[in-house]
Amino acid sequence: MVQLYNLHPFGSQRVVPCKQEPARFCCGRDVLFVASAAASCRVEVFAVRDQGRCEPLGSFATLGPVLRMAHSHAGDYLVTIEEKSKATFLRAYMNWRCMSAGSSRVCVRMVGHKMEESYSETLKEQMSIVEMPLSDPPLCISCCPVNGDLLVGCKNKLVMFCLKYLVINQNLTVLDFERSLILHIDNLIPAEVAFCARHIAVTTELDVLILKLELVQQSADRTEQCAHRVSTLETPVSGDEGPSTHTLPLEVDKFIVCQKPVELLGEESKLCEIPITLESTELPTEDTKCFQVRYLLFRRFTPDQSPFGFCEETKLHSVQLLPVYQTGSSVTAHEETENKRELLSLFCFFSLPHVGYLYSVGKLVELISTYQYSEKSEQAVLTPQFLHVITSENLQCFTVRCSAAAARDEDPYIDTTVKACPPVALDVCTLRMQLFIGPRAICHFKNHIILLTKADTEDITERRKPARRMLSRKADSIKSRTNSESEPGWNLYIINTVSTIQLYREMVEYSKTYENVKTESCIHLLSEAHLLVRAAIMDPSFLKSDEKEELLRAFRESCAFLGDCYSRFDTKDYHLALPYYRMSGLSMAEVLERLVSEGDEIQKYERGFIFYLTHSLNEDFKEELSKESANRVLQIFYLADPLQLPHILCSPCMRNVCPSTAVKYLQKVEKIMPSVVLTLTKAFMALKMGDLAMYEHEMDSYKEMLCSNSENTIPQLLVDFWEALLVVCSQEEILKELLLRVTSQYVWRISNKQIPETKPLKTAEDLINSCNHFGLISPWVTSIMSVGSPSDKDYCEDISKLQSLLCSQSINIASVLPVLEPLREAGNVGLTIHVLCNTRLGKYEEAIDELLKTCPDAAVLYAQHELKDDSRALWWNKLLPELCKRTRLNGNDCPVLISSLKETLSVVAMELELRDFLSLLPEDGTAAFFLPHLLHCSQRKLLI
């Protein structure tokens, strides 16, 4: 679903002063290249200044009319497909900037031609044109933004040229290409290609295929073998098997048969039945790279249908790969940086006439957004912040989700209580539909959109009529109307997009119109504003931007606005108030000022606000609220969640609360739900007031409540106190005593199935995060507990705390063994406790025996986590022999043992020499079972 708003992302516009009508154009760094449509066969070059001002830099002649053109940021070269005498040529223009210095000298050379020392110095002052001959006519081109490599699409193949930097001498480096790889793809006529970081996207009229070239490790003396092996990974369909299944459309007698639409993602995309053969064309050297193909995505569409037949204009267009990089701690997108760039995320966009698709194709292949257009689209261009689409009468601007997906790839704390980001699945929106007469082509760079329009009255009238016709029998007979020779005019515009800050401010103002009417729309617009600013901060130019500080302020402000929404509105995502407020940098006092009306005791407080306050009071101990703010918090919790009052008053943040006000609220709560904690809190407040009589009265009540409980019961408040002391205490003797006490209490509750009388202040996760005496619970423990008894879930916090203690290095296992004895027969809980103790005592073999006997599916996971360093040999000295023995006894009746044995064999095959590995295998073992692991072990040694 696409939301529609009427914002103003487009600013001023200027006309590019072209001398001839443009046929093709593209952008590069700070310049605009325009290839003329007239017979002059020239490319004009314009420098693009501030506010879109264009200054002519010069022009140069081409061999013939330019059919395709692209600029590479890396290497700063222009590549074209040109036509002359019904033949097409592939040419690259190097060092074209020398024209602006007044030089008119041109050198034409063949690709790979060796530079002669006699004229190499003149290369500094002249433009070089590199001719790249091909056996088949070039159809489409794409330059890799990472390293400047070139991909050329031809019939039934894709050809890759590597950009080379040839050092002639210390003062001169010349650019050249080397044809390095050919991808043979049967029955493929590429319409467009995109190339980025060894990822390839290729489209035909109705098919999309995305691939990745993966490096294969090999030694220098095995280069030819590896090249042969990789080239035959995908076997082409032989001629006698009939036509390929991906040929569209198939003609049968007087009908055109169109296959069903298909979408295959990730590993499933191998099933697309498009065979690919790799042919390495570079000379074998020690540095020769050997590739194999990994399929990432295949999608097939069918022509649009109507009651009158098929629409012949259903064709894919505008395929594009958009990279997002990470350099050090800074994430950058779309631009070259001085440092070596590491690919963080990659996105692919392609479009049909009425709908566009945006996929993530980096770490995970998935559809992110679908764009529905209001009318037939002509072309589209994707940027890190927007998707710009031209139709017959409009320039449309859509929002994108690239920054939301990249943020999650970069930061593991996104979607936690620490940080948040609007979801990738958030509905996209149309920010603007700007009227233009006859848009024909579009491109984008920096904050400029280049738009070609052709005004033709006859064309516009025809476009408003139904464009569908009956599909003719032959596809070749379907031809679009040629343009009239007498077109009245054309314009090439540079449209400036407004600054991020200006559009962000407009979005925030616009959102206010929905605050009290449509809360979802308000959150949606503020989320769009947040993502807009986030994308700008992820851009490489951010660090050098004049708006850096203003963008950071806007980012924090947008987080505060979203925190307000999730606090004020009753939404299912109320918990997001906490991370957004944390990211905003606002203090609790500042948040209270934003949300709480002065003196309003009947105000309703939503779940998000209470969630934020509860977590902040329990975790943010550095902030000390003023008396007024603390009293306001007291009032809020009395109205929203009165049972939390005793816990809230124990927070260090509430140190300045008025004790008499606190006692007044506590007394009201006591009438509803008396408790030990509430009584002790009242006694504490009495001490703060200096009222000893009240203190003694409350303590007497406390003692009476304790005596009424079982004599073995220790109040939860005391356990909370011990746990709090563990966080801050550093004296070894006291630590030992505290650890023994909390361990005893956890064991007593678990064995007696005793639930705490009040909710504990800290969960197991809280203690793991705040106290180093509570360790991370091992994955194998979690695995065992996942299949535990349902009754264990009632005491899961005490169980997790006990397991966490035993996973740390603080507690003395030998001293607590008697305390743990009651849990020996306590099912999976007892199993984890016993194995943890054996592990801490170094009794790994006993631990393995016990797991294999009771829970064999956790044995390998245990070994992966625990058998390290000195104990690693137990993989093959203990675990492997035991699994072989037990598998032999049980046969095929225990698939868990067979699976564990296979995993163990895989690990051991990576660790041992082939001879040692072979000696461990049982003599009566089935050869077919062990052979793959033997091959793996031998191949590993060959690859080293």
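Tyr-665 is buried (under 20% relative accessible area, with exposed meaning over 50% and partly exposed in between, for a 1.4 Å probe and protein chains only), since its relative accessible area is 8%. Tyr-638 is partly exposed, with a relative accessible area of 25%. The model is predicted, so local features need pLDDT of at least 70 and side-chain atom pairs count only at pLDDT 80 or more, while totals for chains, interfaces and linings use all residues. Residues are numbered from 1 along each chain as its sequence is written, and side-chain values use heavy atoms, with hydrogens and water left out.

**Aromatic pairs**

- A pair of aromatic rings is described by the distance of the centres and the angle of the planes.
- The model holds 20 aromatic pairs, counted where rings of Phe, Tyr and Trp (its six-membered ring) have centres within 6.5 Å; planes under 30 degrees apart count as stacked, over 60 as edge-to-face and the rest as tilted.
- The ring centres of Phe-301 and Phe-350 are 6.3 Å apart and the planes stand at 65 degrees, so this pair is edge-to-face.
- Phe-301 lies in the loop between E23 and strand E24 (305-306) and Phe-350 in strand E28 (residues 342-351), so the pair ties together parts that are 49 residues apart in sequence.
- Both Phe-301 and Phe-350 are buried.
- The rings of Tyr-638 and Tyr-665 have centres 4.9 Å apart and planes at 45 degrees, so the pair is tilted.
- This pair links distant parts of the chain, with Tyr-638 in helix H11 (residues 627-640) and Tyr-665 in helix H13 (residues 659-672), 27 residues apart.
- One aromatic cluster is formed by Phe-301, Phe-350, Tyr-357 and Tyr-359.

- Helices (H or I, at least four residues) and strands (E, at least two) are DSSP runs, numbered from the N terminus.
- In strand E11 (residues 127-131), five of the five residues are buried, so the strand is largely enclosed by the rest of the structure.
- Both faces of E11 are covered, with Met-127, Ile-129 and Glu-131 buried on one side and Ser-128 and Val-130 buried on the other.
- Two strands pair if DSSP finds at least two bridges between them.
- Strand E9 (residues 87-94) runs antiparallel to E11 and is joined to it by four bridges; Tyr-93 stands opposite Ile-129 in E11.
- Strand E10 (residues 106-110) runs parallel to E11 and is joined to it by five bridges; the bridge partner of Met-110 in E11 is Glu-131.

**A five-stranded sheet**

- Five strands form an open sheet with antiparallel pairing, in the order E16-E17-E18-E23-E21.
- Strand E16 (192-196) and strand E21 (262-265) are the edge strands, each pairing on one side only.
- Strand E18 (residues 207-215) and strand E23 (residues 291-300) pair in the antiparallel sense over nine bridges, and Glu-214 stands opposite Gln-292 in E23.

**Cavities**

- A cavity is a set of points on a 1 Å grid over the protein atoms alone where a 1.4 Å probe fits but cannot get out; lining residues have an atom within 4 Å of a point.
- Grid points are joined across faces, edges and corners, and a volume is the space filled by probe spheres set on the points.
- There are three cavities of 30 Å³ or more, and the largest cavity has a volume of about 70 Å³.
- Residues lining the largest cavity include Pro-384, Phe-386, Arg-401 and Glu-528.
- Helix H6 (residues 519-538) gives the largest share of this lining, four residues.

Note on methods:
On a 1 Å grid over the protein atoms alone, a cavity is a set of points where a 1.4 Å probe fits but cannot get out, and a pocket is an open set with protein on both sides within 12 Å along at least five of seven lines; lining residues have an atom within 4 Å of a point.
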